[in-house]
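Q: Hey, I'm new to this one. Can you put it up and walk me through a few residues?

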Amino acid sequence: INAKIITEHMVKLKKEKCVMSIVVTHVLHDAFIVADTIAMINDGKIIFDGSVEEFRASQQSLIQDFLA
């Protein structure tokens with residue numbers, strides 16, 4: 001089993017069974033596929049909480065650095 005298979009199963013469960021998941025990852029590609037909402041934590045504080053589109057459009061420097 002690899003990350004791609006796990007991601008595919010999570011998406012399938014989400015669509016077919018309305019299953020909610022909490023995923024902790026640094027792999028943005030997978031997060032963007034699975035997530036409805038993304039939260040980013042820095043120094044123990046949530047610095048972002050919103051949609052994938054809002055995350056990608058964020059002007060916060062930490063987020064922009066993470067996306068680069």
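Q: What does Phe48 touch, not counting residues up to four places away in sequence?
A: This is a predicted model. In it, Phe48 touches Ile38, Ala39, Met40, Glu54, Phe55, Ser58, Gln60 and Ile63, leaving out residues up to four places away in sequence.

Q: Is Phe48 buried or exposed?
A: Buried: its relative accessibility is 10%, and the cut-off for buried is under 20%.

Q: How many aromatic pairs does the structure hold?
A: Two. In one of them, the rings of Phe48 and Phe55 have centres 5.3 Å apart and planes at 70°, so that pair is edge-to-face. Phe55 counts as buried too, at 1% relative accessibility.

Q: Which residues form the aromatic cluster?
A: Phe32, Phe48 and Phe55 make up one cluster.

Q: And what lies over the face of Phe32?
A: That's Arg56, at 4.1 Å from the ring centre.

Q: OK, switching to the core. Which residues make up the largest nonpolar core?
A: There are eight: Leu28, Phe32, Ile38, Met40, Phe48, Val52, Phe55 and Ile63.

Q: Which elements give two or more residues to this core?
A: Helix H2 (28-34), strand E1 (37-42) and helix H3 (52-57) do.

Q: New topic: where does Thr7 lie?
A: In helix H1, which covers residues 3-17. Thr7 counts as buried, at 8% relative accessibility.

Q: What is Thr7 in contact with, leaving aside neighbours within four places in sequence?
A: Asp30, Ile33 and Val34.

Key. Residues numbered from 1 in each chain as written. Predicted model: local features only at pLDDT ≥ 70, side-chain atom pairs only at ≥ 80, totals over all residues. Heavy atoms only, no water. Phe/Tyr/Trp six-rings, centres within 6.5 Å; stacked < 30°, edge-to-face > 60°. Buried < 20%, exposed > 50% of the residue type's maximum accessible area, 1.4 Å probe, protein only. Lys NZ or Arg CZ within 6 Å of the ring centre and 35° of its normal. Core = buried A, V, L, I, M, F, W, Y, C linked by side-chain atoms within 4.5 Å. Helix = DSSP H or I, 4+ residues; strand = E, 2+ residues; numbered from the N terminus. Contact = heavy atoms within 4.5 Å.
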